[in-house]
Amino acid sequence: MSIDFLITTLIIVVSPGIGVLYTIATGLSRGARASVVAAFGCTLGIVPHMAAAIMGLAALLHTSAIAFQTMKYLGVAYLLYMAWMTLKEHGALKVEDTVDQKSAMQVIVHAILINILNPKLSIFFFAFLPQFVTAEEAAPVLRMSELSAVFMLMTFVVFVGYGLFAAAVRRHVISRPAVLTWMRRAFTGAFAALGAKLALADR
C-alpha cells in the first residue's frame with residue numbers, strides 16, 4: 001500500500017462533499033449513534049461505484065450520454081428532495097431525542113441513495129484506482145479490490161469523526177432555536193447547491 005495512495009485517499013475523503021454533509025447533518029439532528037449509522041450508509045453507497053470501476057462498467061457512463069444523464073438527474077432530484085425535506089423539518093435536520101431501528105434504517109437508506117445516485121463517483125473511481133495498479137500487476141482486480149477496501153475503511157473512519165463532532169455540539173445547537181433555524185437553512189442551501197453542481201456536471 002503506497003504512501004501516495006494513502007495520502008491521496010485521505011485528502012479525497014476529508015474534503016467536504018455530499019456524504020460528509022449528510023453525516024454532519026445526521027449527527028446534529030439525531031446524535032452520535034445515528035451519525036455512525038450515516039457514516040456506514042455513506043460507505044456502503046460507494047461500493048456499487050467501486051465495483052463498477054473494477055469491472056469496467058463505469059466506461060458505460062463515460063461513453064453513453066443517456067446512461068450518464070439518467071443517473072445524473074436522478075441524483076439531482078434526490079438532492080433537491082433532501083433539501084426540501086430538510087427545510088420542512090422532516091429530513092436531515094429533523095431533531096429526534098432517540099433513534100429507533102426504523103429511523104436507523106431510514107438513515108442508512110438515505111445515505112446509500114445519496115452516493116449511489118451520483119454518476120461522477122463511478123467515473124472518479126474508474127480514473128482513480130488504476131493509477132495505483134502497475135502494468136506488471138499479476139492480479140489487477142484483486143489489487144483494486146484491496147485499494148477499494150482501504151478507501152472504504154478510511155471513508156468510514158473520517159465520516160464517523162465528522163459525525164461524532166457534530167453530535168458533540170448537538171445540544172448547543174438544538175437548545176437555540178435561532179441557531180437551529182439557521183443551520184436548517186444552511187443545510188437546505190448546501191443540498192440544493194450540490195444538486196445544482198451535479199446538474200451542471202459533464203462526463
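The expected span of a helix is 1.5 Å times one less than its number of residues, and helices here (H or I, at least four residues), like strands (E, at least two), are DSSP runs numbered from the N terminus. The model on your screen is predicted, so that local features need pLDDT of at least 70 and side-chain atom pairs count only at pLDDT 80 or more, while totals for chains, interfaces and linings use all residues. Residues are numbered from 1 along each chain as its sequence is written, and side-chain values use heavy atoms, with hydrogens and water left out.

**The whole chain**

Begin with the protein chain in cartoon view, where you will find eleven helices and zero strands. Of its 203 residues, 45% count as buried, a word that stands for under 20% relative accessible area, with exposed meaning over 50% and partly exposed in between (1.4 Å probe, protein chains only).

**Helix H1**

Next select helix H1 (3–14), which has twelve residues and reaches 16 Å from its first C-alpha to its last, close to the 16 Å expected at 1.5 Å a residue. Show the side chains of Phe-5, Thr-9 and Val-13, the buried residues of H1; seen down the helix axis, these buried residues fall within an arc of 55°, so they line one face of H1. The arc is that of the directions from the helix axis to the C-beta atoms. An α-helix has 3.6 residues a turn, so residues three or four places apart point the same way.

Now turn to the face of H1 directed away from its buried side, which carries the exposed residues Ile-3, Asp-4 and Ile-11. Ile-11 has a relative accessible area of 54%, and together with Ile-3 and Ile-7 this residue forms a nonpolar patch on the surface, with about 300 Å² of accessible area in total. Such patches are made of residues with over 30% relative accessible area and no salt bridge, like charges being joined within 9 Å and nonpolar side chains (Val, Leu, Ile, Met, Phe, Trp, Tyr) within 5 Å. The accessible areas come from the Shrake-Rupley method with a 1.4 Å probe, and for residues only the protein chains shown count as cover.

**Helix H3**

Move on to H3, whose 14 residues reach 20 Å from first C-alpha to last, close to the 20 Å expected at 1.5 Å a residue. Its buried residues include Val-37, Gly-41 and Cys-42. Select Gly-45 as well, which counts as buried at 0% relative accessibility, and then Ile-116, which is 71 residues from Gly-45 in sequence but 5.3 Å away in space, C-alpha to C-alpha.

**The nonpolar core**

Select Tyr-22, Ile-46, Phe-125, Phe-128, Leu-129, Phe-151 and Phe-159, the residues with the most contacts inside the largest nonpolar core, which has 29 residues. Helices that each supply at least two residues of this core include H1, H3 and H9, and H9 gives the most, with six. A nonpolar core is a set of buried Ala, Val, Leu, Ile, Met, Phe, Trp, Tyr and Cys residues joined through side-chain atoms within 4.5 Å.

**The salt bridge**

Finish with Arg-143 and Glu-146, which form a salt bridge with their closest N and O atoms 3.5 Å apart; the structure holds one such bridge, defined as a side-chain nitrogen of Lys or Arg within 4 Å of a carboxyl oxygen of Asp or Glu. Being three residues apart in helix H9, the two are separated by about one helical turn. Arg-143 is buried, with a relative accessible area of 18%, whereas Glu-146 counts as partly exposed at 36%.
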